[in-house]
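Thank you all for coming.

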Amino acid sequence: MQRRAFLSGALGAALASLYARASFAQSDSHMMHMAPGSAGMSDAHAMPGTMMPAPAPLAAADALSTGAPLPALRTLANESREPGHFRATLVAQPVSRPLLPGQSDTLFWQYDAGAGTPDLGAPVIGPLIDVREGDTVEIRFVNRLAQPSTIHWHGLPVPPDQDGNPADPVAPGAERLYRFTLPPGSAGTYWYHPHPHMLTAEQVFRGLAGPIVVRAANDPLAAWPERHLFVTDLKLAADGTIAPNSMMDWMNGREGQFVLVNGALRPDIDVTRDERWRVWNACSARYLLLAFDDGRPFVQVGSDGGLLAAPRGNLTSLLLAPGERAELIVAAGALPSRARLVAAQYDRRKMAMMGGGLPAEPTRALADVRFAPGVGTSGVATPGVVTSGAVASDAAGASPALPAQLRKIAPLSPFRARQTVVFSEAMDMKAMHQPGASALSMPRGMQFMVNGATYDPARVTLTSRRGEVEQWSIENRTDMDHPFHLHGTQFQVLARERGGKRVAESYLAWRDTVNVEPDETVHIATIQHDAGERMFHCHILEHEDLGMMGTLRVV
Ligand code: C2O
Ligand code: CU
Ligand code: CU
């Protein structure tokens, strides 16, 4: 079914842009073959016969080296001595780092701790916030960017006025305190990132995002050594600068030529005993269909909001849409072996400029894994201590069998209300192809909508009552996948429906992000506990910035 609405699509403009469309499609899917040329989109260097500015030449796909050990993530130090208290400062600031040999340093925006002295030995990724259920968390945020920002605590049940909403920007040079208490049952894998109005995509793709782990007092998987894989996407120009968004990036969501794990391209991982992996998809738009290239199975034990009710064994792939997280058990196996961790080919039905589709994103290597059961890791961590990136391991320790039940999850019920969220899109080809339409600022002519309208800070899209369970139906009336995300709570996916056929979700899990395919409706059960305003949106960050976001007022 063709649902892409082309608003004006004046024939002249459409014809004039045919060449440009082909070039854009090509440049984004075969970027390493681009002829070297000059600078960026901003200089409106036109392609023959069109008004379209040429995309910046990108760094070659082999410009970054591979095969380094998986870097450890930084951990945010707790400045409080009080039990049950976590206090720290996060500074968002520009930091330049040497990245491409022979080019000038790459200017990232990153989160640093305390006084803001950048740690250049660690990945750009913001420091891990490692806290416990029951903790009161106080984070002073200092904005040293030249634009407003916020910190949003993706997935955590924090009060609405502490959640870094676009309505609560922190001005350049200003600071604020975020304060919240983590309730019982909130143990899980979360992350933090900026959420300013129309600036989220850029702030994230320049480096602002970091992991959060909330731990439970009695964690049934505490015996498994833990490894963190924070996956990000980097689109780098040949001159070492972070490339601006192209028109195609705005339309389909940005995907770079590099997919990084803990800031490294295709690092090496040594697995010497069964491990618990926490994986974050912190990419702007890239879908991660996680798999091992030899098809070896793994177990999913957790989702966005912590442990599942029961392990899901024998998975050979797991889709993590942008924003989603998962906890996996990866077995060391009985004999030494190797496998490549990949993001397998997945077709999220990206659009071409004039409608129609682009080919599926091919399989990407994420990491090379060496399984060496029984071999102690060299000089890594203290037994029993959980570290980031590196694994804490007591050399000889074999893992116990996985418990059949991980925790109790009660299905949310009874439903007191129903809500409908409809994703739709409209492309105004004429506006899109006007001179300057694809300059660095947000393009006109592309509309990504929720319930028929793009985001308006002054409008409330839906209203809920606090403490009441609701059934939400999220309907995708576009031709591409969109990951739906709701703030302030964790929900349960009930069923997925397509063409009148409803398939119940086969397992109980707490989630805050769920992919919705074209022509699909996903039904979820959800509840909000605090009065105030919450955002819900597509987690393809370009779509969010373009207005595929609504406000939920909780009364
Ligand atoms: Cu991860 Cu509203 O975002
Ligand atoms: Cu969020
Ligand atoms: Cu979207």
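Let me begin inside the protein, where the largest cavity is lined by Glu255, Arg286, Tyr287, Ala343, Ala344, Tyr346, Arg348, Glu361, Pro362 and Arg364. A cavity here is a set of points, on a 1 Å grid over the protein atoms alone, where a 1.4 Å probe fits but cannot get out, and lining residues have an atom within 4 Å of a point. The volume of this largest cavity is about 70 Å³, where grid points are joined across faces, edges and corners and a volume is the space filled by probe spheres set on the points. Sorted by class, its lining holds five nonpolar and five charged residues, with no polar ones; Ala, Val, Leu, Ile, Met, Phe, Trp, Tyr, Cys and Pro count as nonpolar, Asp, Glu, Lys and Arg as charged, and the others, Gly among them, as polar. By the same rule there are five cavities of 30 Å³ or more.

Residues are numbered from 1 along each chain as its sequence is written, chains are lettered from A and ligands numbered from 1 in the order in which they are written, and side-chain values use heavy atoms, with hydrogens and water left out.

How confident is the predictor? The mean pLDDT of the chain, pLDDT being the predictor's confidence in each residue from 0 to 100, is 87, and 83% of the residues reach 70 or more. Over residues 376-390, however, the pLDDT is below 50, although this stretch has 33 contacts in the model beyond near neighbours in sequence, a contact meaning heavy atoms within 4.5 Å. Residues 392-396 also have pLDDT below 50, with 13 such contacts. Where pLDDT is low, the predicted coordinates should not be read in detail.

As for the overall build, the chain has six helices and 32 strands, taken as DSSP runs numbered from the N terminus, helices being H or I with at least four residues and strands E with at least two. Of its 555 residues, 57% count as buried, which means under 20% relative accessible area, with exposed being over 50% and partly exposed in between, for a 1.4 Å probe and protein chains only. Among contacts between residues at least 6 apart in sequence, 76% join residues at least 24 apart.

Now to the metals. Which residues coordinate the copper ion that is ligand 2? They are His152 and His485, each through NE2, at 1.9 Å. Histidine 152 lies in strand S6 (residues 152-154) and histidine 485 in strand S26 (residues 482-486), so the pair ties together parts 333 residues apart in sequence. Histidine 152 is buried, at 0% relative accessibility, and histidine 485 is buried at 0% too.

The copper ion that is ligand 3 is coordinated by His482 (ND1), Cys538 (SG) and His543 (ND1), at 2.0 to 2.1 Å. Histidine 482 in strand S26 and histidine 543 in helix H6 (residues 541-545) are 61 residues apart, and the pair links distant parts of the chain. Donors are N, O and S atoms within 2.8 Å of the metal (3.2 Å for Na, K and Ca), and water is not among the atoms, so sites may look incomplete.

Let me turn to the backbone. Most residues other than glycine have a negative phi, and most peptide bonds are trans. Arginine 349, in the loop between strand S20 (337-344) and S21, has a positive phi of about 60° although it is not a glycine, and at 30% relative accessibility arginine 349 is partly exposed. Aspartate 519, in the loop between strand S29 (513-516) and strand S30 (520-526), has a positive phi of about 65°. The peptide bond from serine 413 to proline 414 is cis, with omega near -10°, and proline 414 lies in the loop between strand S21 (364-371) and strand S22 (417-427).

Finally, isoleucine 139, in strand S5 (residues 136-143), is buried at 0% relative accessible area, and its contacts outside four places in sequence include Leu76, Phe86 and Trp153.

Definitions and conventions:
This is a predicted model: local features need pLDDT of at least 70, side-chain atom pairs count only at pLDDT 80 or more; totals for chains, interfaces and linings use all residues. On a 1 Å grid over the protein atoms alone, a cavity is a set of points where a 1.4 Å probe fits but cannot get out, and a pocket is an open set with protein on both sides within 12 Å along at least five of seven lines; lining residues have an atom within 4 Å of a point.
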